[in-house]
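This report examines selected local features of one protein model. The sequence and structure are shown below, followed by the findings.

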Amino acid sequence: MDSFTIGLLCLVGILGLIAIRVPIAMALFGVSVVGLYAVAGERVVLSMLASVPYSTTASWTLSSVPMFLLMGFIAYHSGLTRGLFDGAKVWLGALPGGLVIASLAGASAFAAVTGSSVACSAAIGRIAIPEMKRHNYDLSFSAGSVAAGGTIGALIPPSILLIIFGIQSQQSISDLFLGGLIVGLISLGFYVGATLIVYARSPSKLPRSDNSTWREKFASTLGVWPVLVMILIVFGGLFTGLFTATEAGAVGAFIAIVIGVIRRTLKWQGFKDSVIDTLLSCGSLFIIAIGANLFTRLVAFTGLSNEIGKFVATLGLSATGLLIIIALIYLLLGMFLEPIGAMLLTLPLFLPLVGAHDVNLIWFGILVAKLLEIGMITPPVGLNVFVIHSVARDFVSLENIFKGILPFLAADIVLVALMIATRGFF
């Protein structure tokens, strides 16, 4: 059996194992080891098993992941992010659909601290959905807005997805963060636009709230200023070149600890929980990364990416046509796989293809993050939707939450289409 056939069978094997719910890390790891043994023999496999886990995880750039995660968990467990929705509500609540817009703005600010879509949705959902129910908002749309708002965490720095993409594609994390921030804010604007359209069609679904006084606005700002200062220092230092990504995460974690101690909101148990949550999250992520690295080597040994590249070349696709196909594949995978696993599974195959078409890899990384973000709210496995249902099951059904995300899903599709259509500017 030739190497290409072995590589193709391994790819089918990985997809098959994932389909029967084998964890993606184990599917990547196990099939890659078997495939490498079949292609290169025992000595090569043992050599890779000895070197790849260390070379993958002992990365200076990858060390930014635990730092940013620790910053987010410290901020969460010390209550620093608790006032974000309240502050946004005071400033934006009187707008058409104001509480929905406030939840979207609060989710974006929370994303700048945690970098996690799931944590973002859960934290904002616990606060925002009961408040919107109290103001007689349509709960289907309200819950859908929080699920959609949480996905902005895949783009707004510190996005773990963008860090992993930067490592795999050897691109600048700072440049990816800057691009992610821009597209994340544009996504927020599209979501606000979707909210205003829903309000215009049916104002009774999103009743307007009373204007807050300037005293209330000032008081709400005082409640969230530590978080705003932390965000400003961390990302100001990162984008001006004062910090590397790892240093920015470490500075952010240190500032979060200092603020929590000064305000006496960070208890010893909260600190322990933050460290444990960080270790658990990093452990699962790093195992996937190791499996993906082995799969990358399998792809190289079997020539799988070269053969796929030749096949795509015979189709005569333009860069735009290729990107549309890749977008459809990511949208399909997003319905079933978690984002990091889907990205690490596909990048060894897609990066050579887009590189051959001279696609800007920074731009491509932002597009991939956006597409994987959409997968967080698409059925049947829209993870953010299930998270929102877990915190709001007393208010709204799972089916109605999926209905509520449709306007935001439409906004996402329009934005992706615009990104691909304007690719020539990048």
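Does Thr 378 count as buried or exposed?

The model is a predicted one. In it, Thr 378 has a relative accessibility of 7% and therefore counts as buried, the cut-off for that class being under 20% relative accessible area. The residue is located in the loop between helix 17 (361–375) and helix 18.

Leaving aside residues up to four places away in sequence, Thr 378 touches Gly 334, Met 335, Phe 402 and Leu 409. A polar atom of the Thr 378 side chain also lies 3.3 Å from the backbone oxygen of Gly 375.

Helix 8 comprises residues 139–150. At 1.5 Å a residue, its 12 residues should span 16 Å, and the end C-alpha atoms are 17 Å apart, which agrees.

How many of the 12 residues of helix 8 are buried? The count is 12 of the 12, so the helix is largely enclosed by the rest of the structure. The buried residues are Leu 139, Ser 140, Phe 141, Ser 142, Ala 143, Gly 144, Ser 145, Val 146, Ala 147, Ala 148, Gly 149 and Gly 150.

## Packing partners of helix 8

Which helices do the buried residues of helix 8 pack against? The partners are helix 6 (98–114), helix 7 (117–134), helix 10 (173–201), helix 18 (383–392), helix 19 (398–404) and helix 20 (406–421).

## Backbone features in the loops

Most residues other than glycine have a negative phi, and most peptide bonds are trans. The following sites depart from that pattern.

The peptide bond from Pro 157 to Pro 158 is cis, with omega near 5°. Pro 158 belongs to the loop between helix 8 and helix 9 (160–169).

Gln 170 is not a glycine, yet has a positive phi of about 60°. This residue sits in the loop between helix 9 and helix 10; with 72% relative accessibility, Gln 170 counts as exposed. Arg 264, likewise not a glycine, has a positive phi of about 60°. Arg 264 occurs in the loop between helix 12 (245–262) and helix 13 (268–302), and its relative accessible area of 69% makes it exposed.

Definitions and conventions:
Residues are numbered from 1 along each chain as its sequence is written. This is a predicted model: local features need pLDDT of at least 70, side-chain atom pairs count only at pLDDT 80 or more; totals for chains, interfaces and linings use all residues. Side-chain values use heavy atoms; hydrogens and water are left out. Helices (H or I, at least four residues) and strands (E, at least two) are DSSP runs, numbered from the N terminus. The expected span of a helix is 1.5 Å times one less than its number of residues. Buried means under 20% relative accessible area, exposed over 50%, partly exposed in between (1.4 Å probe, protein chains only). Contact means heavy atoms within 4.5 Å. A polar contact is a pair of N or O atoms within 3.5 Å; within protein, one must be able to donate a hydrogen and the other to accept it, and residues adjacent in sequence count only if both atoms are side-chain atoms.
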